[in-house]
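The stops below are taken in turn, each with a selection and a description.

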Amino acid sequence: MEAIVSLSKRRGFVFPSSDIYGGFNGFFDYGPLGVELKKNIRDCWWNDMVRRREDIVGLESSIIMHPKVWQASGHVAGFTDPLVDCKASKQRYRADQLFFSAVEVVNPEDNSKQIIGYVSALESENTAGDLQDKAESMKRKKAVRGNLVTITPRDMTEAKPEEIALIPSPATGEPGSLTEPRAFNMMFETHVGALRDESSVSYLRPETAQGMFVDFKNVVDTGRVKIPFGIAQIGKSFRNEITPRNFIFRSREFEQMEMEYFIHEDADWAKSHREWINWCKSWLISIGLPESHLTEYNHPQEKLAFYSKGTTDIMFKYPFGVQELWGIAARGNYDLTQHANASGVPHFIFDEATKKRYIPHVIEPAVGVDRIFLAVLCGGYAEEDVTDEKGNVEKRTVLRFNPRIAPVKVAVLPLLKNKPELVQRALDIYTRLKRRYAVFYDEGGAIGRRYRRQDEIGTPWCITIDFDTIEKDGTFTLRERDSMQQRRITEAELFALLEEAVY
Ligand code: GAP
């Protein structure tokens, strides 16, 4: 991760927000290459999800909606994470990410068990190992004889009231300062209008999904859709995460791409759910994520909300662990029913076949743009040893972005910058390519160095304009990023290659 975060800043993908003021935890800025990559991810999703389908339409709802929306959706009452405070250090932890264990020792003489204290650790790739190490160290320090029982990690939401005071704070290492977990609402509040009192409280949306439910009737009334159909939206969401972490993976301001797919109340929801899981997985592969890094996680039935029929997450193997990338939820007709009841506006669909009215059910694939961004960075990043023509081995850093999402598709390089005829020809091609694609012109430095600079930002192809281009057949050298192979190609062939790969 360190190498990826450092490359992101150095090459202008992602900067900490408010960097000159020391950054602002949980907020990020996307630099010149980052905005291109992000826009390409969004565009691919929008084209494949909306424009290239007959059954899905788009929407852009407002970020601040009527506060009643969030009451009806259940977010005011229930959009919470369990929070634990450390009174000594003023640090705050998500209770389900703070693990602890009793340290138990067995006396070999009479097999009696004794608890000699508690250990705690923040969730990591190796939480159990961290706790075990701390338990062994405690036993050594306290010079207790006997055999240590293998620890069983529990998180703070599982702590008994009498245990809370005995669990050490991760900040101080001392027990006695942690509070009992309490529900912390993650919605950012603001005030709308000139009055700042209870009546003007509103929220920055914590998900884009509610916009689709609230505008469901408006979309149906425009007459362009018939069940089954979907409404899709891309936009910013905001959550006051207790512990934003892992770079842009969990932040406080992020972007979502969500789609609500409305189906008949009697439709086979499990089939539709499965189809959408498969669609999402294929789409991720189509933008270049390695299939080997993608797995599925089915939420256990007992942990689902009462209205939910099933939720499956597509997980990605990030460097910090296998984590949720895309959630696909079967939400029944809960949301439309809630808004119909709260607003008093009926949300029925009339079934011509049965002559009955019903409220449609919904399948919801919801993904974060920033999480896909991080996945393509992590999945594409490689450091390799390469040998040049003289036999020297050097390191190259390469981002193997799929051409669909690569911020720059082609770099145009005149072989020599002091030969006006080469420069002119290179600029001609550059100008023609630029009309359709994000391309980059670079005439500075040795050609090998220019290739490396493009490898590092994930440009799939470089073309070099040389003397053969102007003196012979007009072809130029095409150099491929991944294989580093070079071949001669005409301008028409280059456009055909791009047409095929960038869609
Ligand atoms: N409407 C359903 C919904 O919002 P969610 O699982 O809370 O479901 C959907 O969020 C997706 O949004 C997640 O799978 C993840 O990709 C992204 N996401 C959620 N919280 C995020 C955060 N704090 N930072 C970045 N991405 C986030």
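Predicted model: local features only at pLDDT ≥ 70, side-chain atom pairs only at ≥ 80, totals over all residues.

Residues are numbered from 1 along each chain as its sequence is written, and side-chain values use heavy atoms, with hydrogens and water left out.

**Aromatic pairs**

A search of the whole structure finds 21 aromatic pairs. Rings of Phe, Tyr and Trp (its six-membered ring) pair if their centres lie within 6.5 Å; planes under 30 degrees apart are stacked, over 60 edge-to-face and the rest tilted. Select Phe249 and Tyr318: the ring centres are 5.2 Å apart and the planes stand at 75 degrees, so this pair is edge-to-face. The two residues come from distant parts of the chain, 69 residues apart, with Phe249 in the loop between β13 (229-238) and β14 (253-263) and Tyr318 in strand β16 (residues 310-318). Helices (H or I, at least four residues) and strands (E, at least two) are DSSP runs, numbered from the N terminus.

Buried means under 20% relative accessible area, exposed over 50% and partly exposed in between (1.4 Å probe, protein chains only). Phe249 is buried as well.

Next, select Phe213, Phe216, Phe229 and Phe262, which ring pairs link into a cluster.

**Charges over rings**

Return to Phe249 and show Arg371, which lies over the face of the Phe249 ring at 3.7 Å from its centre. Then move to Tyr30, where Lys38 lies over the ring face at 4.1 Å from the centre. The criterion is NZ of Lys or CZ of Arg within 6 Å of the ring centre and within 35 degrees of the ring normal.

**Helices**

Select α1 (residues 2-10), whose buried residues are Ile4, Leu7 and Ser8. Viewed down the helix axis, these fall within an arc of 105 degrees, so they line one face of α1; the arc is that of the directions from the axis to the C-beta atoms. On the other side of α1, Glu2 and Arg10 are exposed.

Helix α13 (residues 447-457) is the next selection. Its buried residues are Arg450, Tyr451, Gln454, Asp455, Glu456 and Ile457. Gly458 follows α13 and has a positive phi, near 85 degrees.

**Backbone features**

Most residues other than glycine have a negative phi, and most peptide bonds are trans. Which residues does a cis peptide bond join? Ile227 and Pro228 are joined in this way, with omega about 0 degrees, and Pro228 is found in the loop between α8 (216-221) and β13.

Select Lys90, in the loop between β4 (80-85) and β5 (92-94). Lys90 has a positive phi of about 65 degrees although it is not a glycine, and its relative accessible area of 66% makes it exposed.

End at Ala143, in the loop between α5 (127-141) and β8 (147-148). Phi of Ala143 is also positive, near 50 degrees, and the residue counts as exposed at 62% relative accessibility.
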